[in-house]
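Please examine the sequence and the structure shown below before reading on. The paragraphs that follow begin with a single residue and then widen to the whole chain.

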Amino acid sequence: MSMPTLYTTMAVGMVFCAAEAVLSKFAELYFKNELADGNPFTLHGAKELMRLGILTIAIPLGTVIVCSIVFR
């Protein structure tokens, strides 16, 4: 592999790691709130879980799209 290919691969890896760190922080907040409520079956918990599910789909998809546009 050439050096520009390696640099590109490392940059994409760093972007994906940053995106997963953001997603992990949202998951941590959800679980902290769920433990504070004491019951996962609340309306607030359901809304937060739906937001976490949407973010679980949107953040990696957005990251793939951004990396594809920038590095092509």
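Thr-63 is a buried residue because its relative accessible area is 9%, where buried means under 20% relative accessible area, exposed means over 50%, and partly exposed lies in between (1.4 Å probe, protein chains only). The model discussed here is predicted: local features need pLDDT of at least 70, side-chain atom pairs count only at pLDDT 80 or more, and totals for chains, interfaces and linings use all residues. Residues are numbered from 1 along each chain as its sequence is written, and side-chain values use heavy atoms, with hydrogens and water left out.

Thr-63 belongs to helix 2; helices (H or I, at least four residues) and strands (E, at least two) are DSSP runs, numbered from the N terminus. Which residues does Thr-63 touch, not counting those up to four places away in sequence? They are Val-15, Phe-16 and Ala-19, where contact means heavy atoms within 4.5 Å.

Val-15 counts as partly exposed because its relative accessible area is 35%. Apart from neighbours within four places in sequence, Val-15 is in contact with Thr-63 and Cys-67. Val-15 and Cys-67 are 52 residues apart in sequence, yet their C-alpha atoms are 8.0 Å apart in space.

Val-22 lies in helix 1 and is partly exposed, because its relative accessibility is 41%. Ile-59 touches Ala-19, Val-22 and Leu-23, residues up to four places away in sequence not being counted.

The largest nonpolar core consists of seven residues, namely Ala-19, Leu-23, Ala-27, Tyr-30, Leu-52, Leu-55 and Ile-59. A nonpolar core is a set of buried Ala, Val, Leu, Ile, Met, Phe, Trp, Tyr and Cys residues joined through side-chain atoms within 4.5 Å. Helix 1 (3-37) and helix 2 (43-70) each supply at least two residues of this core. The largest share, four residues, comes from helix 1.

Is Glu-48 buried or exposed? Glu-48 counts as buried, because its relative accessibility is 11%. Glu-48 is found in helix 2, and its contacts, leaving aside neighbours within four places in sequence, are with Leu-29, Tyr-30 and Asn-33. Tyr-30 is also among the residues of the largest nonpolar core.

Between helix 1 and helix 2 there is a loop, and Asn-39 has its place in it. Asn-39 is partly exposed, because its relative accessibility is 33%. From Asn-39 to Val-66 the distance is 38 Å, C-alpha to C-alpha, and the two are 27 residues apart in sequence.

The chain as a whole may now be considered. Its secondary structure comes to two helices and zero strands. The C-alpha trace spans about 55 × 15 × 10 Å along its principal axes. The radius of gyration of the chain is 17 Å, whereas a compact globule of 72 residues would have one near 11 Å; this radius is taken over C-alpha atoms, and the globule rule is 2.2 Å times the number of residues to the power 0.38. Of the contacts in the chain with a separation of 6 or more, 71% are between residues 24 or more positions apart.

Finally, the surface may be described. Buried residues make up 15% of the 72 residues in the chain. The accessible surface comes to about 5,400 Å², and 75% of it belongs to carbon and sulfur atoms; accessible areas come from the Shrake-Rupley method with a 1.4 Å probe, and for residues only the protein chains shown count as cover.
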